[in-house]
Amino acid sequence: MEAFKLQKKYPEVSRDEMLDLINRFNAIPTDAAGRIDKSSVLHTLQASGESYDLARETLKNVSVDASGKVELEDWVELNVKLRSQARTALPTKAGKVTVQGSTTSTSHTINEDERSEFTAHINSVIENDPDISNRYPIPTNTMQLFDECKDGLVLCKLINDSVPDTIDSRVLNKPTAHRPLNAFQMTENNNIVITSAKAIGCSVVNIGSSDIADGREDY
């Protein structure tokens, strides 16, 4: 029934291709049936040969609901959009990569060398961390850095690396193997990030917890 409904909406996808997309979606591990974290979707696509950054950028234009969880129809829409694109990577010029901003009419440029060096520094901080060493190593050549920072934990570790004991790690919300952080817990962590960053002299003007949680590249 799902395949029939989706095929009517996306006639360019054959029946066999649609069934394959549905099977691939259902095979992605999740704690909520039929609803998958964006990061899991991106890693699944990357494992199948897609560019992480291109999939991430394309996902910005998929109609995911306010929960931020990818549902089956979102998954199909994402794959259809990826298939229809002529490009295979994000636009890059003179060592700078361009990404879409919070709206389709805005964009940001990121220096690839700076991103690489900053990610390498983060890796050195989290490599042996008792809470988030499982994220090591974060690739230095993709935008995954911003996704790993969404829940505030990486940024809290960086703050404490800069000024030890700024944040008491006992107050942080931490995921477990069976229970990822929810939106409220991520917001709490990110509010701690902003307050603590300001306390040690960082500029946090016009930065809110949602900017971090959304993985925005311009904060």
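Is Asp165 buried or exposed? In this predicted model, in which local features need pLDDT of at least 70, side-chain atom pairs count only at pLDDT 80 or more, and totals for chains, interfaces and linings use all residues, Asp165 is exposed, with a relative accessible area of 72% (buried means under 20%, exposed over 50%, partly exposed in between; 1.4 Å probe, protein chains only). Residues are numbered from 1 along each chain as its sequence is written, and side-chain values use heavy atoms, with hydrogens and water left out.

Asp165 is not a glycine, yet its phi is positive, about 70°. Asp165 lies in the loop between α8 (153-162) and α9 (183-199); helices are DSSP runs of H or I with at least four residues, numbered from the N terminus. A positive phi, near 65°, is also found at Asn206, in the loop between α9 and α10 (209-213). Asn206 is exposed, with a relative accessible area of 74%. Tyr136 and Pro137 are joined by a cis peptide bond with omega of about -5°, and Pro137 belongs to the loop between α6 (112-126) and α7 (144-148). Most residues other than glycine have a negative phi, and most peptide bonds are trans.

Helix α4 (residues 52-59) packs against helix α5 (residues 72-84) at an angle of about 120°, with the axes 10 Å apart. Axes are lines fitted to C-alpha atoms, for helices over the stretch in contact, and angles run from 0 to 180 degrees between N-to-C directions. In the contact (heavy atoms within 4.5 Å), Leu54, Ala55, Thr58 and Leu59 of α4 meet Leu78, Lys81 and Leu82 of α5.

Conventions: Helices (H or I, at least four residues) and strands (E, at least two) are DSSP runs, numbered from the N terminus.
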